[in-house]
Amino acid sequence: MDKLKKITQHWRPAAMIAAILIAFTGLSGCITIEDDPYYDDIVGTWELTGVPYRDINQFEFYYDGTGRYNAFNLWGDWDSWYFRYYMRGSHLEIDLEDGQHWDYMWAIRGNNLILTDLQIPDNILFYRYVYR
């Protein structure tokens, strides 16, 4: 029993240090919207441009990492779906309330938000800034 006690006394400090390092590594990998210096640029309402009337949709991005996606539903009515969004540099992920997950690369050029869909090859969407 004394031998076991001696062994555990020597390993206790190393185990504590390892636990602290693992915790810090895990925390540093989680980037929230507040940590990203670009999130302020995307806040506002953006409307899809260059498509026929029925394909119009809008993204509303809020400061707290939430938003609304507005579009015509199957019955032709204007509808809204809430979402959470996450940003890491030029990578934008959107999780809609119905379980859909959208993955984009994003850029802003002037008053335009350019979303490159990472799930559908060659699908580039252009949104015009409407208001904040």
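Which residue in strand 2 does Gly44 stand opposite? In this predicted model, the residue facing Gly44 is Phe61. Some ground rules before going further: local features are reported at pLDDT of at least 70 and side-chain atom pairs at pLDDT 80 or more, while totals for chains, interfaces and linings take in all residues. Residue numbers count from 1 along each chain as its sequence is written, and side-chain values rest on heavy atoms, with hydrogens and water left out.

The chain holds two helices and eight strands. Both kinds of element are DSSP runs numbered from the N terminus, with helices being H or I runs of at least four residues and strands being E runs of at least two. Going along the sequence, the pattern reads α-α-β-β-β-β-β-β-β-β. The eight strands close into a barrel in the order 1-2-3-4-5-6-7-8, with antiparallel pairing; strands pair here if DSSP finds at least two bridges between them. From one strand to the next, the twist averages 35°, taken between lines fitted to C-alpha atoms, with angles running from 0 to 180 degrees between N-to-C directions.

As for the overall numbers, the chain has 132 residues, and 33% of them are buried. Buried stands for under 20% relative accessible area, exposed for over 50%, and partly exposed for anything in between, with a 1.4 Å probe and protein chains only. The accessible surface of the chain is about 9000 Å², and carbon and sulfur atoms own 60% of that; these areas come from the Shrake-Rupley method with a 1.4 Å probe. Among contacts (heavy atoms within 4.5 Å) with a separation of 6 or more, 30% are between residues 24 or more positions apart.

Back to strand 1, where the opening pair sits. Strand 1 is largely enclosed by the rest of the structure, because five of its five residues are buried. The cover comes on both faces: Gly44, Trp46 and Leu48 are buried on one side, and Thr45 and Glu47 on the other. Four bridges tie strand 1 to strand 2, running antiparallel, and four bridges tie strand 1 to strand 8, also antiparallel. On the strand 8 side, Leu48 stands opposite Tyr127.

Gln58 sits in strand 2 and counts as buried at 12% relative accessibility. The side chain of Gln58 makes a polar contact of 3.1 Å with that of Glu47. A polar contact is a pair of N or O atoms within 3.5 Å; within protein, one must be able to donate a hydrogen and the other to accept it, and residues adjacent in sequence count only if both atoms are side-chain atoms. Setting aside residues up to four places away in sequence, Gln58 also touches Thr45, Trp46, Arg68, Tyr69, Asn70 and Trp78, among others. Tyr69 turns up again in the next pairing, with Trp81 in strand 4 as its bridge partner. That antiparallel pairing, between strand 3 (residues 66-72) and strand 4 (residues 78-88), has seven bridges.

Now for the interior. In soluble globular proteins, nonpolar side chains tend to be buried together. The largest nonpolar core here has 21 residues, and Ile42, Phe59, Phe61, Tyr85, Leu92, Ile94 and Leu115 touch the most other members. Each of strands 1 through 8 supplies at least two residues of this core. A core of this kind is a set of buried Ala, Val, Leu, Ile, Met, Phe, Trp, Tyr and Cys residues joined through side-chain atoms within 4.5 Å.

Leu115, in strand 7 (residues 112-117), is buried with a relative accessible area of 0%. Beyond four places in sequence, its contacts include Phe59, Leu92, Tyr104, Trp106 and Tyr127. Leu92, for its part, is in contact with residues including Ile42, Phe61, Tyr85, Trp102 and Leu115, once neighbours within four places are left aside.

Ile120 is partly exposed, at a relative accessible area of 45%, and its C-alpha atom is 9.4 Å from that of Asp103, 17 residues away along the chain. Asp122 counts as exposed at 79% relative accessibility. Asp122 also has a positive phi of about 65°, although it is not a glycine.
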